Each structure stands twice: as C-alpha cells, then as structure tokens.
Amino acid sequence: MENDIRQNLYYLRQFLWESLLFYIFILSLILLLPDKNISAGFLSFLFTVIYIIFLNFLGKHFRKGTEEIKKIIEGIRNNKFETSGEIVLHNHFPGLQEEIRLMFEKVKSDIDYLKKLEKMRSEFLANVSHELRTPIFSIQGYIETLLNGALEDEKVNRNFLEKANQNTINLNNLLNDLIDISMIETGEMRMSFRYFHVKEFIQEIIEEYQPVIEEKGLEFIFTLSRNGLQLYGDKSRLRQVLVNLIINAIKYTEKGKIEIVIEEEAKHGKIIVRDTGIGIPEGDLDRIFERFYRVDKARARNVGGTGLGLAIAKHIVEAHNSRIDVKSIVGEGTEFSFLLKK
Ligand code: ATP
Ligand code: MG
C-alpha cells in the first residue's frame, strides 16, 4: 500500500515544483486565515491529508497510462501486433492512440519495403549469375571441344570459334548493361542534354540496322514530320534506347515491316518504333520494363537477349522527364513511343 502510494507519487515527479508551490500557497492561506475559530493546525493537517489523497489518485492515473504506453511500445518491439487496429489505449491521452497507430503503420511499411528490396536484390543476383553462366559455359564448351580434336577438323573449327566469339560478345553486352543498371541505381548515370537534329540521329542508326532488317526480308520505313526538326536530350543515351527498340522489333518480327515515325506536337516530338511482329500479351505489357523480364524465355534464348534492354531504356527516357508507352496486339504487332522536348 505504502509502496503503491510512493510509486503513484513517483509518476507525478515531473509536476514536483508546481504541486509544491500549490501546497505552500494553500498552506499560507490557511495560516493567514483571520478567523481563528477553527485551529489552523487542524486545517493544515486536513488539507495535507486531502492533498496527498488527491496526488495519489492523480499519480495512479498517470502511472496506469504510462505503463500501458510502455506495454504497447514493448509489443511493437516484439512484433506482437499484426495490424494497427490491435493497438488500443484505454487510458486516454487525447490523440496518442492515433499517433502510435500511425507510427506503427509507418514502421511496418518501412520494414515491408526493406524486405521487398532484399528479395529483389537476391533475385537480381540469382539472375545475374544465371545469365553470366550461360555464355561462359558455351565458350568453355567450344574451346574444350576444339582442344579435344575439333581444331584439326576443317568442317567445324571455324564455326566453333565463331560461336565462342559470339558468346564473348554477348557476355560483353551483358556486362555493359549491368554497368548501366548499376550506374542508374547509384545515380551516377551522367546525362548531357543538348538540342540535336533528329534526321541525322535516326539516319546514323538506320545505316547500321537497315541491312539486318532487309536481310530478314522485312520492309523498313522511316517517316519524319519535318527535315530540320531538333529535339532536346542526351543523344548517345537516346541512341541506346532506339537501338534496343529497333533490335527488339527485328528480333520479334518475322514478316511485314518495321517503321520509325517522328511526329510533331506543339511542344514535343514523338518518336515511334512500330513493328508487325508477334506482339506482347496484355498481361505482360506492364512487366516487360522489369529487369530480366522476358515474355517467352525459350524464344528469347533463341533470339538472344537478357531482358535488361527495356529496363535501361525506361530509366533513360524517364531521365528526360518522359515515359515510354507501349501498345501491342498479339499476332499483329507492337508500338513503342516516347515524347521529347522540342
Ligand atoms: P536485351 O534487350 O537485354 O538484350 P531483351 O530484348 O529480351 O534483352 P528487353 O529489350 O528488355 O529484353 O525486352 C523485354 C521483353 O519484352 C523481350 O524479351 C520480349 O519478350 C518483349 N518484347 C520487347 N520488344 C518486343 C517487340 N517489339 N515485340 C514483341 N515482344 C517484345
Ligand atoms: Mg532488347
């Protein structure tokens, strides 16, 4: 009992000075009382007893409240709560329950986010290892076969060397893509924005890829809204975007045509890459911009590609304060487009 009262009063220690001053003030009033019919000593004693009882109740209330808060914090620390609704404060400090619930939700969402990041990191590592292993195994295989005798076989030696060489090129492309991804993530991808002539920009790329398109028996069309059109952006990074879109169009189109169209709007130029290829199912449209995502893994293995191209392209276009749009109909074709400032 005595211990309890001491504990209750202990919780009021923050009001020590205020309660002491109040006590002294009332006591002085009693002692200065002009009416001496009632003994001042008795009154002081009565007041002191009532005052201590009052302080005890007040302290008890404080103590219960504080202990409840302590329990809730302990519960949060020990992951006792699943949802914020389970956090209930009976002793009301106005607004405190709501604040604790909000804090709980914030901490929970931060932890969920960290867990998601951790999962993405492991998946990324697993993907990278897998993608690195494929070309390295092939190179190893070809070299071993050559060393085991195929080197002297005129019918296959050149072919095996060419295949090994192609795999080193793939490996190099993959490493370059990985370097780009890591530069994007660390914010180190430097951009240098300038006005550039769209016609020359596209023509330089076409020179490189038109022969490949025609070799595949596809028609190629380039339409430009106006000869002198200039757009604003990082030319070499945009080249990377366009090259990936064009190579994708070539890889996934068996018949028909590939088109590059530049349209002009009031303040922007729109760059469109269109093909009449296999198309992308609606359910995959959102996901093709994820790292390593490929719609048909078996097919992608045949045509090559690791699924990093569009992830990088998306970041580059976003760094131009724009975004890549995609429309596609399975069996009819795909259209990628994005706006650039004029
Ligand atoms: P990488 O570009 O890294 O060499 P990739 O071309 O497979 O490999 P992305 O460019 O990111 O990867 O494309 C992701 C996936 O989106 C492709 O694997 C393919 O399934 C699908 N895709 C992209 N462009 C087209 C297209 N024009 N037609 C059909 N499918 C496409
Ligand atoms: Mg690609």
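Reader: How many helices and strands does the protein have?

Author: Helices (H or I, at least four residues) and strands (E, at least two) are DSSP runs, numbered from the N terminus. Here the protein has nine helices and seven strands. This is a predicted model: local features need pLDDT of at least 70, side-chain atom pairs count only at pLDDT 80 or more, and totals for chains, interfaces and linings use all residues. Residues are numbered from 1 along each chain as its sequence is written, while chains are lettered from A and ligands numbered from 1 in the order in which they are written.

Reader: Which domains is the protein divided into?

Author: Domain bounds come from an automatic or database domain assignment. They are domain 1 (2-80), domain 2 (121-185) and domain 3 (194-341).

Reader: How many residues of domain 2 are in contact with domain 3?

Author: Contact requires C-beta atoms, placed from the backbone, within 7 Å. Nine residues of domain 2 touch eight residues of domain 3. On the domain 2 side, α5 gives the most, with six residues.

Reader: Is I100 buried, exposed or partly exposed?

Author: Count other C-beta atoms, placed from the backbone, within 10 Å of the residue's own: 20 or more is buried, 12 or fewer is exposed, in between is partly exposed. I100 counts as partly exposed because it has 19 C-beta neighbours inside 10 Å. I100 sits in helix α4 (residues 96-147). Leaving out residues up to four places away in sequence, I100 touches I72 and I87.

Reader: Which residues come nearest to ligand 1?

Author: A residue is near a molecule or strand if its C-beta atom, placed from the backbone, lies within 6 Å of it. Of the 23 residues around ligand 1, R294, V295, G305, G309 and L310 come nearest. Helices α7 (235-251) and α9 (309-319) each supply at least two residues of the shell.

Reader: In which sense do β6 and β7 pair?

Author: Pairing needs at least two DSSP bridges between two strands. Strands β6 (residues 325-329) and β7 (residues 333-341) are antiparallel, over five bridges. D325 has S337 as its bridge partner in β7.

Note on methods: Two residues are in contact if their C-beta atoms, placed from the backbone, lie within 7 Å.
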